[in-house]
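Colleague: Please take one part of this model and go through it closely. I would like a single connected account, with the cut-offs stated as the terms come up.

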Amino acid sequence: MRKPSTSPPPARGPAVAAAAAVVILPAIFPGVFSPLGHAFPSLFSEWNAPKPMHPSLLNEALRWIIPDELKRELWSPLPYQGWKPCLKSSTSHALPLEPSGYIQVFLDGGLNQQRMGICDAVAVAKILNATLVIPHLEVNPVWKDTSSFEEIFDVEHFINTLKDEVSIVKVLPKEFSWSTREYYGTGIRATRIKTAPLHASANWYLENVSPILQSYGIAAIAPFSHRLAFDDLPADIQHLRCKVNFQALVFRPHIISLGETLVKRLRSPVQGHSTEFAHQVVEESKNQAGKYAVLHLRFDKDMAAHSACDFGGGRAEKLALAKYRQVIWQGRVLNSQLTDEELRNTGRCPLTPEEIGLLLVALGFDSKTRLYLASHKVYGGEARISSLRKVFPLMEDKRSLASEEELAHVEGKASVLAALDYYIGIHSDIFISASPGNMHNALWAHRTYENLKTIRPNMALLGHIFVNKSMEWSGFQQAVQAGHKGRYGQIRLRKPKQSIYTYPAPDCMCQG
C-alpha cells in the first residue's frame, strides 16, 4: 500500500498559557496559594472555607433519628425486574478472512468517555470489516494523564473476548509503522478522517472510510468521541457494543487486586476508632452490616464555574468563578445569563457536598454508613467537604483506605484512579452520583445490566426545594422521599437518540 503524500501543517502560535497558569497553578500548589486566598479573596476564594448554605437543615439532619424500617428498605437489594443480560454472538457477520484494512482511533476525554469510544471503535471496525488497532488514548489536557490502553485494561482479555467477531492487533505491521499520532499531528494526511459527524450512521462509514481503506489499507479517525449513532444499527452491532462494554473491557490485574482489597476493607468492621465507637457502629448498623455505598461527588472547579450557580462563597467566589469562566470558555456559557434561582429551579446546578449530604440523610443513610467517596478533585477541597464529613464521619476515599505503598502504582494517573473508583463503585451495595456525567452514566448502565441498586438524584426537585430557605426538615425529608420513588435502579428502556452506554435495555438485555 502506498504512503499518502504530506502537506505542511498550518502555523500555530502559543495558546493562552498565561491565563491557564492563573487557573491551574493554585490546583498544583495549594500550599502556596491558600494564604493568598485571605489577601486576595476575589482571585483565590476556592481556598476559603464556605459557610453552610442550609444551616438549619444541616443541624436538623444531624439530630434526626432515622427509622429502622426506612434503613431496611434502603439497604435491601433491588428485586428482579424481569430483565437479564442478553448478548447474542453474531452468526450472520462472521470474522472476515481478509480484512479490508486497519482502523486507528485517537480518543480524548476521561476514562469513561474513552470507554465509550473504545466500544464504538470495535463496532466501526466490524461495520467496515477492518482490523482494529488497540485505541490510542490521548493525554488528558486537564490532569496531564498519559495512561495508555495497556496501563488501564487487560489487552489479552480484550482481544481474546472479541476474537470471533473483530480482528484486533496491538501494533501495526511494519509497512504501516509510519501511521502514528505524531505523523497525524504534523500535517494534513490523506489517511486521516477528520470529518466524522457526531453520531454518524453505519452508511456514513461505508461511504467515507471504506474508500480510504481500499486506497491506502489504513484509516485513522480523529476526533472519534461520540462518532457512532445509537439508532438504526443492526442488532448484532448493538450487541457487540454491549459485549465490549460489559465483557471485554476488564481492568488490569493490579487495579482489580487493589480494588478487591479496598472493597474488603469497606466491608470489614470500622478501623481507626475507639473500641466503644466501633461496638456502637456494629450495634446500630445491623441493617447495613458489611455493606457500603459509593458516592461519586462530581463537583470540580470546571463544573462549578460552567454551571454559573451560587455555591455560598459570597461575592468573592462569584467573581473568581466568573473570571475562571471567562478564561476557559471566553464567555460562551449560556447559564451565566440566568439567575441562580432560575438555574436551580430547572435542575442545572450541581449538588454541593453539603446538599448531597442532606439528600443522603433524607433517603435513610445514617452517620454509621460506610460511605466511599469517589472523586478526583473537589472544588474547595476539604473545606468544602467538611459539611458532608460532619454528617458521615465514616466516609472514606482511596487515600484513607490504602497505604502509600499500595497507591504507588496508580498515583498521579487520573484514568487509573478513575478505574479504581469504577471497580469499587460497581461492587458497592448502593451507588449514587451527585450530578450527571460520564462516570454517572457508565456506572448507571453497568449496574442496570447487573440489576444493582443505583440512586439517581432528582435534580429539578432538589434545585426547587433547596431554593426554599424556609423549608423545615420534616417537609424536606418527605419531599425527597416522594420525589425519589422509582429512582433506585428501576429499568428504563432506551428511547431514540439516547445512549446505549446509559440505558442498556433493551439492546444489551432481554426479558425472561
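**A loop residue, then the sheet and its helices**

Modeller: Thr339 lies in the loop between α16 (314–329) and α17 (340–345). Helices (H or I, at least four residues) and strands (E, at least two) are DSSP runs, numbered from the N terminus. This is a predicted model, in which local features need pLDDT of at least 70 and side-chain atom pairs count only at pLDDT 80 or more, while totals for chains, interfaces and linings use all residues. Residues are numbered from 1 along each chain as its sequence is written, and side-chain values use heavy atoms, with hydrogens and water left out.

Thr339 counts as partly exposed because its relative accessibility is 43%; buried means under 20% relative accessible area, exposed over 50%, and partly exposed in between (1.4 Å probe, protein chains only). Between Thr339 and Ala308 there are 8.6 Å from C-alpha to C-alpha, at a sequence separation of 31 residues.

For the chain as a whole, there are 25 helices and 14 strands, and 51% of the 512 residues count as buried. Of the contacts (heavy atoms within 4.5 Å) between residues at least 6 apart in sequence, 80% join residues at least 24 apart.

Now the sheet. Four strands form an open sheet in the order β11-β10-β12-β13, with parallel pairing. At its edges stand β11 (371–374) and β13 (454–455); each has a single partner strand, so one side of each has no neighbour in the sheet. Two strands count as paired if DSSP finds at least two bridges between them. Strand β10 is joined to β11 by 4 bridges, and β10 also pairs with β12 over 4 bridges. The pairing of β12 (residues 430–433) with β13 rests on 2 bridges.

Helix α23 (residues 438–449) lies across β10 (293–296), β12 and β13, and runs at about 155° to β12. Axes here are lines fitted to C-alpha atoms, for helices over the stretch in contact, and angles run from 0 to 180 degrees between N-to-C directions.

Helix α13 (residues 253–266) has 14 residues and spans 20 Å from first to last C-alpha, close to the 20 Å expected at 1.5 Å a residue; the expected span is 1.5 Å times one less than the number of residues. Its buried residues are Ile255, Leu258, Gly259, Leu262, Val263 and Leu266. Seen down the axis of α13, these fall within an arc of 140°, so they line one face of the helix. The arc is that of the directions from the helix axis to the C-beta atoms.
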